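This report covers protein–DNA contacts, a pocket and some backbone features. It is meant to be read alongside the coordinates.

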Number of protein chains: 2
Amino acid sequence: MVSLKDISVRCGVSVATVSKALNGHKDVSAATKERLLKAAKEMGYFPNSQARALKTNRTYNLGVMYLDEAGSGLTHEFFAKVLDSFKTTAETSGYDITFINRDVGRQKMSTYEHCKYRNVDGVIIACTDFTSQDVYEMINGDIPVVTIDHIFDCRTAIMSNNEKGMEELIGYVTKMGHKNIAYIQGNKSAVAERRLAGFYKACMNRNIEVNPDWIINGEYHNPDMTYELTKSLLSRNERPTCIFMPDDYSAMGGFNAIKDMGLSVPEDISVVGYDGIAYSQLLSPKLTTYLQDTEQIGVTAAKQLVSLIESPQTTFKEVITVDGKLLEGGSVKDIN
Amino acid sequence: MVSLKDISVRCGVSVATVSKALNGHKDVSAATKERLLKAAKEMGYFPNSQARALKTNRTYNLGVMYLDEAGSGLTHEFFAKVLDSFKTTAETSGYDITFINRDVGRQKMSTYEHCKYRNVDGVIIACTDFTSQDVYEMINGDIPVVTIDHIFDCRTAIMSNNEKGMEELIGYVTKMGHKNIAYIQGNKSAVAERRLAGFYKACMNRNIEVNPDWIINGEYHNPDMTYELTKSLLSRNERPTCIFMPDDYSAMGGFNAIKDMGLSVPEDISVVGYDGIAYSQLLSPKLTTYLQDTEQIGVTAAKQLVSLIESPQTTFKEVITVDGKLLEGGSVKDIN
DNA sequence: AAGGACATTTCAAACGTTTCCGTTAATTAA
DNA sequence: TTAATTAACGGAAACGTTTGAAATGTCCTT
């Protein structure tokens, strides 16, 4: 690998001058600067990121912290898409992305320690158990952090607008004449709370009574459980005309339960999902759902994190809400 | 951050001794070694990965190279799952994962240059355009590389067993009585070639004539295109009884085309997919498909890459084939 | 002509490791 | 007893940068 020294001997200047020229310092003449830049390009020079990091304490590396469990994380379409746009934006700003976990190799270490070890400049936390010790340690550490879909005191958070999503969905189904609405909600979490709050509020605004027996505790990303819950829900004496599923993926389970009971969507039961994943729009009928703006969430998270890193005065806590969009499919019947 | 020097002054030994103790060298007494290890733990010492990398030229970081385009990469379930298990295995061996691309920040650089810049110890190449200049540069470089689903001379490759997959699928559908089989294949690639070869061979072995008009060029991961191709295929005079789709995701497009033509699966047309993604098993009927062993592919890739790095004599080219498993759904009708 | 002001360049230390080699002391062999 | 071997540890250079201070040179001002 060609180093600063190689360039310096070839051009007959000191290493310091080369460094300054390449980093755009002003105390080097335009002539030599050009000469050195040219030589650097010719020789195929690239800075050694480790050496630079050692001196500057900046790695231009961002850590990604997420839950590493089956059925979650990378294989979760929502997270994958957010990560994808986060990554693209971060790269444009000159940052690379590294996965951060606990216990790398033989070393027992926490996620925070891992960050210290790798010296990441900042961390994005998403799709994880926000009550875990590891998250707690990160939040209270001195590394810039942006969380997604969870709000901590004194940390910047990017929130998908769950209240608005619920408001729009409820608005839509009530316009279609539904009043008896069930809601199979996801795991206990900030997201679930906000959606439920949005659900209640939207119903209240329309003078629709919420039947507490129809608020059912399910799980995100769990079609099997949703299948069972849907089935048991529909086996009761009184049936809702419309079911809100935890998310689009789980909704597949709900669809199947309905079908297996000899009913059909939307003729007998209307269904809405949440997320707007690709598959949901390939079903027939297409699922009526709320498309979360994963692109915008990822981009915003990256921009916030970078600005947190690069302009430390930005270190106040900020909560940024990203709106989504209702996708009108054919899974909700007009019963007016 | 606590450094070796901090430990050395506290314990009254030299930095060199601390380094050796912590790295398990033999020329340090058991007593002091224990004392130093204890101090290190107490003080919360973690090595500075940059400083270490600078000296040793080993970063314990692996690069991931993949196609960063819409509908591919991270949001591709096959790739996401492979990456997930790759990551887990790599971490167990003490390696972290960093995404590698071109043009990070203002710097214009190739993927290979990026690897040099970040000093990754090895690279996994997957889910990309294997004919690109960037891949070519990587393959001819001096960084350990493992490719997934593509074979280069002198580079280790992990191959999903596409021939066997096709063999099993053809075996299954012929057992169900199908002889008129169409195949909408994916983008021109090593994978597509192997599947097609497997398709032909399996048919030949059973004395089934392949109708060349029924070998159709489609695209992977493209439900819309598959929709159109399926529709035009079924509009011809002569119809196949069974259609092989490029993959499960695309198969959704095929399903919809069939439905939109007033036909149904499997009564009128049988369908098989490829991949075994989660969604395919939530459809009704469930899709009959071939489940690729993403877990095994990821694990094997990681192990091979690590051994390539850690025991340089392993640098011979190796091609490892990973078998999958037929998933019998309900999308193929028994027409015997 | 001497002094300062400025532009340009170099020196040298530092970042936190690893590792070769040398030193000392202790142990063993002859 | 002496020489040789070994065990345990320290010195110091090196990896490739960055950066403040010092050095050099040039030009302007008075």
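## Conventions

This is a predicted model, in which local features need pLDDT of at least 70 and side-chain atom pairs count only at pLDDT 80 or more, while totals for chains, interfaces and linings use all residues. Residues are numbered from 1 along each chain as its sequence is written, chains are lettered from A and ligands numbered from 1 in the order in which they are written, and side-chain values use heavy atoms, with hydrogens and water left out.

Helices (H or I, at least four residues) and strands (E, at least two) are DSSP runs, numbered from the N terminus.

## DNA strand C

A residue is near a strand if one of its heavy atoms lies within 4 Å of it. There are 28 residues around DNA strand C, and A:Thr17, A:Lys20, A:Asp27, B:Leu4 and B:Ser19 come nearest. Sugar or phosphate holds 59% of the atoms of DNA strand C within 4 Å of the protein, and the rest belong to bases.

Helices H2 (15–22) and H4 (49–56) of chain A, and helices H2 (15–22) and H4 (49–56) of chain B, each supply at least two residues of the surface near DNA strand C. The largest share, five residues, comes from H4(B). By class, the surface near DNA strand C has 12 nonpolar, 10 polar and six charged residues. In this scheme Ala, Val, Leu, Ile, Met, Phe, Trp, Tyr, Cys and Pro count as nonpolar, Asp, Glu, Lys and Arg as charged, and the others, Gly among them, as polar.

## DNA strand D

DNA strand D also has 28 residues around it, of which A:Ser19, B:Ser14, B:Thr17, B:Lys20 and B:Ser29 come nearest. Of the atoms of DNA strand D that come within 4 Å of the protein, 61% are accounted for by sugar and phosphate. H2 and H4 of chain A and H2 and H4 of chain B each supply at least two residues of the surface near DNA strand D. That surface divides into 11 nonpolar, 11 polar and six charged residues.

The table gives polar contacts (pairs of N or O atoms within 3.5 Å).

| Protein atom | DNA atom | Distance |
|---|---|---|
| A:Thr32, side chain | DNA strand C, phosphate oxygen | 3.0 Å |
| B:Leu4, backbone | DNA strand C, phosphate oxygen | 2.8 Å |
| B:Ser19, side chain | DNA strand C, phosphate oxygen | 2.7 Å |
| A:Asn23, side chain | DNA strand D, phosphate oxygen | 3.0 Å |
| A:Lys55, side chain | DNA strand D, base oxygen | 3.4 Å |
| B:Ser14, backbone | DNA strand D, phosphate oxygen | 2.7 Å |

## The largest pocket

On a 1 Å grid over the protein atoms alone, a pocket is an open set of points where a 1.4 Å probe fits, with protein on both sides within 12 Å along at least five of seven lines; lining residues have an atom within 4 Å of a point. Grid points are joined across faces, edges and corners, and a volume is the space filled by probe spheres set on the points.

The largest pocket holds about 1400 Å³ of space. It is lined by 43 residues, and A:Tyr117, B:Tyr45, B:Phe46, B:Pro47 and B:Asn48 are the closest to its centre. H4 and helix H6 (111–118) of chain A, with H2, helix H3 (30–43) and H4 of chain B, each supply at least two residues of the lining. H4(B) gives the largest share of this lining, five residues. The lining comprises 21 nonpolar, 11 polar and 11 charged residues.

Most residues other than glycine have a negative phi, and most peptide bonds are trans.

A cis peptide bond joins A:Val265 and A:Pro266, with omega about 0°. A:Pro266 sits in the loop between helix H11 (248–260) and E9 of chain A. In chain B, the peptide bond from B:Ser284 to B:Pro285 is cis, with omega near 0°. The loop between strands E9 (270–272) and E10 (289–291) of chain B contains B:Pro285.

A:Asp149 has a positive phi, near 65°, and lies in the loop between strand E4 (145–148) and strand E5 (156–160) of chain A. Buried means under 20% relative accessible area and exposed over 50%, with partly exposed in between (1.4 Å probe, protein chains only). A:Asp149 counts as buried because its relative accessibility is 10%. A:Asn207 has a positive phi near 55° and is placed in the loop between helix H9 (190–205) and strand E7 (215–217) of chain A. A:Asn207 is exposed, with a relative accessible area of 75%.

A:Ser280 belongs to the loop between strand E9 (270–272) and strand E10 (289–291) of chain A. Its relative accessibility is 2%, so A:Ser280 counts as buried. Leaving aside neighbours within four places in sequence, A:Ser280 is in contact (heavy atoms within 4.5 Å) with A:Asp248, A:Lys286, A:Leu287 and A:Thr289.

Methods: A polar contact is a pair of N or O atoms within 3.5 Å; within protein, one must be able to donate a hydrogen and the other to accept it, and residues adjacent in sequence count only if both atoms are side-chain atoms.
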